[in-house]
Structure formats: structure tokens, C-alpha cells
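Colleague: I would like to learn how to read charged residues in a model like this one. Could we go through it feature by feature?

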Amino acid sequence: VLSDIGETDSFLPSTKFEAVVDEVGEGFHGEELEKQLTLLDPKKTGRIERNAFVKWYCKLVDKEDSDESSQDSEVAEEKTKAEAAFDNICDDLSDTI
């Protein structure tokens, strides 16, 4: 279920996308959740790669915060938040294996 080839190459099954989105505090459901998942897994491989998720989330937050005064530290904070959320869901999966 979970691959941890290296911390930066880990992935989650796409069935855990809603859980990791909830973990970062976003509330996508239904069609919007599927739309966002398609952005992360356009080939429908059934996997969400850690790096792709972090990039997606940072881009999402950057769009939501269209205030041009955004600081690099805010982006770094959101990146850390996304990485931690992804890793928490990965840890939850490994505990059940």
C-alpha cells in the first residue's frame, strides 16, 4: 500500500487523498475532490507522489492567497505543513500494515 523508496519518493494510494487534504485543512469533497485528484494523478495510476502533493498544495495556497505581499516564509510554512500531513497519513498506513 505504501512505498517509501526514499522520503522524497514516497507515495500514497489515491484513496487516501481526501484524508491528506483534510489533514492540511482543506475541505474538498465530491466533484471538486475528484477534479483536484485528477490534477495530481492525471494518468489515474492510483498513486499520489509526495513531491507532487506538496507542489500541488503550495500552488493551491498561493492561488487562495492572491495578496502580492506573500512572503517566502509563508510558502515555506505551507510546504512544511503539506509534507507533515502527507507523512502523517503515510505513518497511519504503515501502522496498519
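Predicted model: local features only at pLDDT ≥ 70, side-chain atom pairs only at ≥ 80, totals over all residues.

Colleague: What are the elements of the protein, and in which order do they run?

Modeller: The protein has 4 helices and 2 strands. From the N terminus on, their order is β-α-α-β-α-α. Of the 97 residues, 35% are buried.

Colleague: Which residues form the negative surface patch?

Modeller: First the rule: patches are made of residues with over 30% relative accessible area and no salt bridge, with like charges joined within 9 Å and nonpolar side chains (Val, Leu, Ile, Met, Phe, Trp, Tyr) within 5 Å. Asp and Glu count as negative, Lys and Arg as positive, while His and the chain ends are not counted. The place of a charge is taken as NZ of Lys, CZ of Arg, CG of Asp or CD of Glu. Here the negative patch consists of Glu18, Asp22, Glu23, Asp91 and Asp92. Helix H1 (17–23) and helix H4 (72–96) each supply at least two of its residues, and H1 gives the most, with 3.

Colleague: What does Glu23 touch?

Modeller: A contact means heavy atoms within 4.5 Å. Leaving out residues up to four places away in sequence, Glu23 touches Ala85, Asn88 and Ile89. Glu23 and Ile89 are 66 residues apart in sequence, yet 8.2 Å apart in space, C-alpha to C-alpha. Glu23 itself sits in helix H1 and is partly exposed, at 38% relative accessibility. For the protein as a whole, among contacts with a separation of 6 or more, 66% are between residues 24 or more positions apart.

Colleague: And which residues form the positive surface patch?

Modeller: That patch is formed by Lys35, Lys55, Lys59 and Lys63. Helix H3 (residues 50–64) provides the largest share, 3 residues. Lys35 lies in helix H2 (residues 30–40), and at 52% relative accessibility Lys35 counts as exposed.

Colleague: How many salt bridges does the rule give?

Modeller: A salt bridge is a side-chain nitrogen of Lys or Arg within 4 Å of a carboxyl oxygen of Asp or Glu. The count comes to 3. One joins Arg47 and Glu49 at 3.6 Å, N to O; Arg47 is partly exposed at 35%, and Glu49 is partly exposed at 43%.

Colleague: Which residue pairs with Arg50?

Modeller: Arg50 forms a salt bridge with Asp87, and their closest N and O atoms are 2.9 Å apart. This pair links distant parts of the chain, with Arg50 in helix H3 and Asp87 in helix H4, 37 residues apart. Arg50 is buried, with a relative accessible area of 5%, whereas Asp87 is partly exposed at 21%.

Colleague: What separates Glu83 and Lys79?

Modeller: They are 4 residues apart in helix H4, so about one helical turn separates Glu83 and Lys79. Their side chains meet in a salt bridge at 2.7 Å, N to O. Glu83 is buried at 18%, and Lys79 is partly exposed at 38%.

Colleague: One backbone case: what is the phi of Lys44?

Modeller: Lys44 has a positive phi of about 55 degrees, although it is not a glycine. Lys44 is in the loop between H2 and strand S2 (47–49), and counts as exposed at 63% relative accessibility.

How values were computed: Residues numbered from 1 in each chain as written. Heavy atoms only, no water. Buried < 20%, exposed > 50% of the residue type's maximum accessible area, 1.4 Å probe, protein only. Areas by Shrake-Rupley, 256 points an atom, 1.4 Å probe, with all protein chains shown as cover.
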